[in-house]
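Below are some questions and answers on the fold and surface of one protein chain. Each answer works towards the value or name asked for.

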Amino acid sequence: MDFQIQYSLDVNDVSHSFGQTKVIDQISFTVGTGEFKVLLGPNGAGKSTLFSLITRLYDTKKGSISIQGNSLDKSPYLALRHVGVVFQLPTLDLDLTVRQNLHYHASLHGLMRSDAGERMVIELDRLNMADRIDERVRNLNGGHRRRVEIARALLHSPNLLLLDEPTVGLDVPTRNDIVDHVHQLSTEDGIAVLWATHLIDEVRDTDTVIVLHEGSIMSDGSLKEVLEQTRSNDIGEAFERLTTGISI
């Protein structure tokens with residue numbers, strides 16, 4: 001890794017509109033190596049649009065985005081090769097097995113079949129899913145499918161992991177397991193994580209937090225800093241103050 005690179009993700013003064021409607025308004029933030037940053041915002045805040053810009057599903061027309069020091073506009077291949085993504089909507093092929101889904105994804109990243117086989121066993125094992133590798137995805141429940149998507153996102157050893165509402169629709173124990181696992185990846189493997197959610201109970205004391213509301217960043221800092229800024233006792237109170245216009 002290039003130690004001159006300060007941030008895994010650098011979003012600088014980015015705006016985005018659909019027609020006359022601005023949905024992202026002059027957003028700037030960074031995510032550093034090993035940092036777990038929560039993008040916390042209500043539905044419709046602009047979280048998924050921001051993810052679409054970072055993954056280049058949408059072009060960045062105003063502002064700039066860099067990943068591992070590579071401009072997303074000027075060097076998209078160099079930038080995106082460092083990224084693993086779990087989108088909000090499921091993207092697995094239900095009629096293929098777990099192994100087949102992962103091999104297909106690995107081939108898109110140019111991994112040799114033998115290397116891909118080793119990587120998928122490692123990542124599935126960390127998620128207690130190695131014994132399900134030859135099952136069809138259709139037969140897995142929602143939590144197991146999410147685990148497969150996380151394993152898939154890690155096959156090419158990314159520096160940056162993006163997860164857009166990855167626990168929506170899952171029960172509380174499964175949500176907690178997935179949150180714990182991704183925190184472990186950040187702490188032990190040094191992966192930079194941007195975790196988008198509207199669920200305040202997914203924020204941990206060690207996280208940094210961006211509160212996004214109506215396309216604008218209302219707060220960005222450690223949990224302690226966000227609470228101090230809003231004069232709040234907990235993240236739930238801070239979130240309410242920042243997204244409902246309650247006087248701070």
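Q: How many of the residues of strand E8 (residues 192-197) are buried?
A: This is a predicted model, and a residue counts as buried under 20% relative accessible area. Both faces of E8 are covered, with Ala192, Leu194 and Ala196 buried on one side and Val193, Trp195 and Thr197 buried on the other. The number of buried residues in E8 is 6 of 6.

Q: Which strand is joined to E8 by 5 bridges and holds the partner of Ala192?
A: The bridge partner of Ala192 in E8 is Leu160. Strand E7 covers residues 160-164 and runs parallel to E8, with 5 bridges between them. The strand asked for is E7.

Q: Which residue of E8 stands opposite Leu40?
A: Strand E3 (residues 36-40) runs parallel to E8 and is joined to it by 5 bridges. Within this pairing, Phe36 has Val193 as its bridge partner. Leu40 stands opposite Thr197.

Q: Which residue of strand E9 (residues 208-213) is the bridge partner of Leu40?
A: E3 also pairs with E9, in the parallel sense, over 4 bridges. The partner of Leu40 in E9 is Val211.

Q: Which residues of E3 point the other way from Phe36, Val38 and Leu40, and are they buried or exposed?
A: E3 is mostly covered, with 5 of its 5 residues buried. Phe36, Val38 and Leu40 point one way from the strand, and the residues pointing the other way are buried as well. Those residues are Lys37 and Leu39.

Q: How many residues does the largest nonpolar core have?
A: The residues with the most contacts inside this core are Ile150, Leu161, Leu163, Val182, Val193 and Trp195. Leu161, leaving out residues up to four places away in sequence, touches Val182, Val193 and Leu194, among others. A second, separate core has 25 residues, including Val14, Ala45, Ala79 and Ala196. The largest core has 42 residues.

Q: What is the bridge partner of Ser66 in E5?
A: E4 and E5 pair in the antiparallel sense over 2 bridges. In E5, the partner of Ser66 is Ser71.

Q: Is Ser8 buried or exposed, and what is its relative accessible area?
A: Ser8 lies in the segment before strand E1 (9-18). Beyond its neighbours within four places in sequence, Ser8 is in contact with residues including Val31, Ser66, Gln68, Leu160 and Ala192. Ser8 counts as buried because its relative accessible area, under the 20% cut-off, is 1%.

Q: What is the phi of Gln68?
A: Most residues other than glycine have a negative phi. Gln68 lies in the loop between E4 and E5 and is buried at 5% relative accessible area. Gln68 is not a glycine, yet its phi is positive, at about 50°.

Q: What is the relative accessibility of Asn128, another residue with a positive phi?
A: Asn128 has a phi near 55°. Its place is in the loop between helix H4 (113-126) and helix H5 (142-153). Asn128 counts as exposed because its relative accessibility, over the 50% cut-off, is 68%.

Q: How much accessible area do Phe18, Leu57 and Tyr58 have together?
A: Leu57 lies in the loop between helix H1 (47-54) and strand E4 (62-67) and is exposed, with a relative accessible area of 57%. With Phe18 and Tyr58, Leu57 forms a nonpolar patch on the surface. Their accessible area together is about 290 Å².

Q: How far apart in space are Asp59 and Arg81, C-alpha to C-alpha?
A: Asp59 is in the loop between H1 and E4 and is partly exposed, with a relative accessible area of 43%. Leaving aside neighbours within four places in sequence, Asp59 is in contact with His16 and Leu53. Asp59 and Arg81 are 22 residues apart in sequence, and their distance in space is 17 Å.

Notes:
Residues numbered from 1 in each chain as written. Predicted model: local features only at pLDDT ≥ 70, side-chain atom pairs only at ≥ 80, totals over all residues. Heavy atoms only, no water. Patch = residues over 30% accessible without salt bridge, like charges linked within 9 Å, V, L, I, M, F, W, Y side chains within 5 Å. Areas by Shrake-Rupley, 256 points an atom, 1.4 Å probe, with all protein chains shown as cover. Salt bridge = Lys/Arg side-chain N within 4 Å of Asp/Glu carboxyl O. Buried < 20%, exposed > 50% of the residue type's maximum accessible area, 1.4 Å probe, protein only. Core = buried A, V, L, I, M, F, W, Y, C linked by side-chain atoms within 4.5 Å. Contact = heavy atoms within 4.5 Å. Pairing = 2+ DSSP bridges.
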